[in-house]
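Good morning, colleagues. Please look at the sequence and the structure before we discuss them.

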Amino acid sequence: MEVDVSKIEPGQLLRVEWRGKPVWIVRRNQATLDDLAKHDNKLRDPDSAEPQQPEYAQNAYRSIKPELFVAVGLCTHLGCSPTYLPDSFGEQVQGITSGFFCPCHGSKFDMAGRVFQGVPAPLNLVIPPYYYVNDTSILVGADKEGA
Ligand code: FES
């Protein structure tokens, strides 16, 4: 499924559907990207060692381009869809402005979909296969042919 990502504003989340699952596409600003490096000690799998993402997203941002975050929007506990908190995540994890909070049983994920310690969700959010068709569009659901 091809998605035009050019109109997603910094901080905005676009929700699309892929194989019946919600997929989030979030444009992260520089402050959000900088924050990702500051709380590794609070995460269960900060380096994405578990195979919850394609190889090209096994990096500090869990994405192909740092600014654009693509993830399956389902909690890895029992599959609720977490809520995006762009400004008020600090109420969940002190000192962190934005993240995802699952209201079902209180799991918390950072802006790279990495799960915090001490919550029921065992794993980071799933990153689906995707690739850039061009500068303004991505294709969700497949790896680039020949890549
Ligand atoms: S389904 Fe998200 S915390 Fe249980």
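Is R114 buried or exposed? R114 is buried, with a relative accessible area of 2%; buried means under 20% relative accessible area, exposed over 50%, and partly exposed in between (1.4 Å probe, protein chains only).

A word on the basis of these values. This is a predicted model, in which local features need pLDDT of at least 70 and side-chain atom pairs count only at pLDDT 80 or more, while totals for chains, interfaces and linings use all residues. Residues are numbered from 1 along each chain as its sequence is written, and side-chain values use heavy atoms, with hydrogens and water left out.

The structure holds five salt bridges, a salt bridge being a side-chain nitrogen of Lys or Arg within 4 Å of a carboxyl oxygen of Asp or Glu. One of them joins the side chains of R114 and D40 at 3.4 Å, N to O. D40 is partly exposed, at 32%. In another, K38 meets D35 at 3.3 Å, N to O. Here K38 is exposed, at 61% relative accessibility, whereas D35 is partly exposed, at 24%. D135 and K65 form a further salt bridge, at 4.0 Å, N to O. D135 is exposed, with a relative accessible area of 66%, and K65 is partly exposed, at 27%.

Finally, which residues does Q52 touch, leaving aside those up to four places away in sequence? They are R62, T76, L123, N124, L125, V126 and I127, where contact means heavy atoms within 4.5 Å. At 14% relative accessibility, Q52 is buried.
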